[in-house]
Every structure is written in structure tokens, then in C-alpha cells.
Amino acid sequence: MSWKSIIWNGLLVAALCLAVFLLYRIFQQYSLDEIVQSVRSIPFSTFCTALLFTAASYLCLSCFDLLAIRSLGKSLPYRNILLASFVSLSLGHNIGFAGLSSGAFRYRFYSRWGLTAEDVAKIILFCGVTVGLGLITLGGLAMIVNPGDAGRLLRIDPASVRIFGSLALIVPVVYVGLAFFIRGTLLLWRWSFQLPPFSIAVAQVAVGTINFVLVSACLHQMLSAFGDVAFFRSVTAYVLANSAILATHVPGGLGVLEATVSYVVPKEASIGALIAFRCAYFFIPLALGTTLLVISEVVFRRRSRGAEDEADERVEAQSV
């Protein structure tokens, strides 16, 4: 076995162990009775609706990778992209440093399907830009529609919040405009950026924003089970919480998400709502992603051994 294989296998085992540890860490601060009672207090139909929003979000996230691969001029079956995206992000969201952690899993999958390390690096950068565009766009809309909650958290007046929201919406407009007028590489001082085609740039802004709307809708379902909360209050809570998570890189946003959401919607953000949201968007995808990772590794190894055996048989046949 080569050193490269040993390193990758070691990273895989470490990632699986970390995933199990994170499951323990996420729930160790709550007693079993608290978790059971909190989740039971949410109507089953509400929890199922939240799961649908979660599934739609992860499908939307797979479109990030699909657009990235198309921008590279490459092509892969969508089922492959969906598998790589879901496994990478379901684990990356919980491990922290999502760009690096999910990138390692992406490389594990995409390298087997013919993409180079440079291609994977470009996919990671493309997806990071899409996340930023979606967060900025939805955040700008939230600050315009619901300036009170954001202003209270940021300690500025609502009028200033609306101004910041309007300025934020300029960012995706400028990005799409650059993609329309500049075909190719954009040079900024010492840095160069490869802009995607105009249609892909528009799709980036759209799917990035829709993804965060879907996650906010999942959170809104849980909060609504404990009180009457406006949808854009849930949007504001999640956008601010996700911004804080990206800034701190705390695994799974543990504590950061709870603190931010509780500050924006203190009455509705009960332990039941927050635990149920973690179950729906973090815990269940993490369990599924870990299972799919193990299964895919077994399948890949069997196929690799089968290909090696066939190659050996051909060599023996030719020697005879």
C-alpha cells in the first residue's frame, strides 16, 4: 500500500471518528428526557415538512456542484454529483471549516471520476462564491424587509439597516454584470478571477438564495411550533446565525446558532425548536452522509479490486 493510500485511509477513518464524536458532542448538553420531550412537542406533520425543506436544500446544494462542473466545461452524471455533494456537505456542515472539510470529501469522489485536483479546487471556490452570493442576497432582502431584528442585534437603527441591505443587493448585481460584460478572466491588482458565463452567474445567485430560503423555511417550521413567528424573522435569524458560524467555523455551529437564533426570536426559540432543527438539518443528514460514505468506499474498493484482477488476468493471458 502506497503512502498516499495510507494517508487517505487515515483521513477517512479520522473523519468517521470525528463524525461520531460530533453526534455525541451535539447532544451531550441535553438530557435524553429533554431531547425526547422537545422533539415530541413538535407536530409530526411539521417535522416532516421541515425534512422536506431540508431535502430540497441539499438538492439545491448539489446544483452548486453541477453549475461548477459545467463552468469548467466538464460533464458528470447528476447522480454522481448528488452523491459527492450530499456526502461532502452533510459531513462538512458538522465538522466545520466546510470549504476544507467538504473539499477533502469532494476530492475523494471527483478524483475517481476523472477530475484533477485543480478542477476540485475550482469547484470548491465556485461553491464558496455561490454560498456568499446567496447569503448576501437573502441577507440584503431580510435587512430591507425586517430591519428591526437585525438592527437590534447589530445595535444600529432600522434606517441604517435598510441602507446596508440595499448596498448588499448591489453585490450580486455587480457580479452578474461583470459576468455579462467581461468574458474570461477578471484582473484585480495581483489577483485574477475566472468569471463564469452570464447564464451560470445568474443561476449562482438564484440557487444560492433559494438554498438559504429553504434552510430558513426549515427553521421557521420548528419555531412556528412554539409561537407565531413571521417568516422573515426566521430568515433574519438564520442569516445572522449562519454568518456567525462562517466567521467562527465552530463545528456544526454548535452554540453559535442557538445563541443567535435565541437572541432574534427569544420566545419561539425554545430548546425543542432548536434541537428539532439540528435533528432535521444536521443530525439526520450527517447520519445518512456517513452511511453513504461507508457504502461508497466499500463499492469503490470492490470495483478497484475487480479492475486490478481483470488487469492481472489479461497480463497472464498475454504472457501465455
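Q: At roughly what angle do the axes of helix α7 and helix α8 cross?
A: In this predicted model, α7 spans residues 147-154 and α8 spans residues 158-181. Their axes come within 8 Å. That makes α7 roughly perpendicular to α8, as angles of 65 to 115 degrees count as such. The axes cross at roughly 105 degrees.

Q: How many residues of the contact of α7 with α8 are nonpolar?
A: Pro147, Ala150 and Gly151 in α7 meet Pro158, Val161 and Arg162 in α8. One of the residues in this contact is charged and 1 is polar. The number of nonpolar residues is 4.

Q: Is Asp119, which meets Lys74 in a salt bridge, buried or exposed?
A: The two side chains meet at 2.8 Å, N to O. Lys74 lies in the loop between α3 and α4, and Asp119 lies in helix α6, 45 residues apart. Lys74 has 34% relative accessibility, so Lys74 counts as partly exposed. Asp119 has 9%, and under 20% means buried.

Q: Which residue meets Arg108 in a salt bridge at 2.9 Å?
A: Side chains of opposite charge can pair when their charged atoms come close. Arg108 sits in helix α5, and its partner sits in helix α12, 189 residues apart. Arg108 is buried, with a relative accessible area of 14%. The partner is Glu297.

Q: What separates Lys122 and Glu118 along helix α6?
A: Their side chains meet in a salt bridge, 3.4 Å from N to O. Lys122 is partly exposed at 41%, while Glu118 is exposed at 51%. They are 4 residues apart, so the separation is about one helical turn.

Methods
Residues are numbered from 1 along each chain as its sequence is written. This is a predicted model: local features need pLDDT of at least 70, side-chain atom pairs count only at pLDDT 80 or more; totals for chains, interfaces and linings use all residues. Side-chain values use heavy atoms; hydrogens and water are left out. Axes are lines fitted to C-alpha atoms, for helices over the stretch in contact, and angles run from 0 to 180 degrees between N-to-C directions. Helices (H or I, at least four residues) and strands (E, at least two) are DSSP runs, numbered from the N terminus. Angles under 35 degrees count as roughly parallel, over 145 as roughly antiparallel, 65 to 115 as roughly perpendicular and the rest as oblique. Contact means heavy atoms within 4.5 Å. Ala, Val, Leu, Ile, Met, Phe, Trp, Tyr, Cys and Pro count as nonpolar, Asp, Glu, Lys and Arg as charged, and the others, Gly among them, as polar. A salt bridge is a side-chain nitrogen of Lys or Arg within 4 Å of a carboxyl oxygen of Asp or Glu. Buried means under 20% relative accessible area, exposed over 50%, partly exposed in between (1.4 Å probe, protein chains only).
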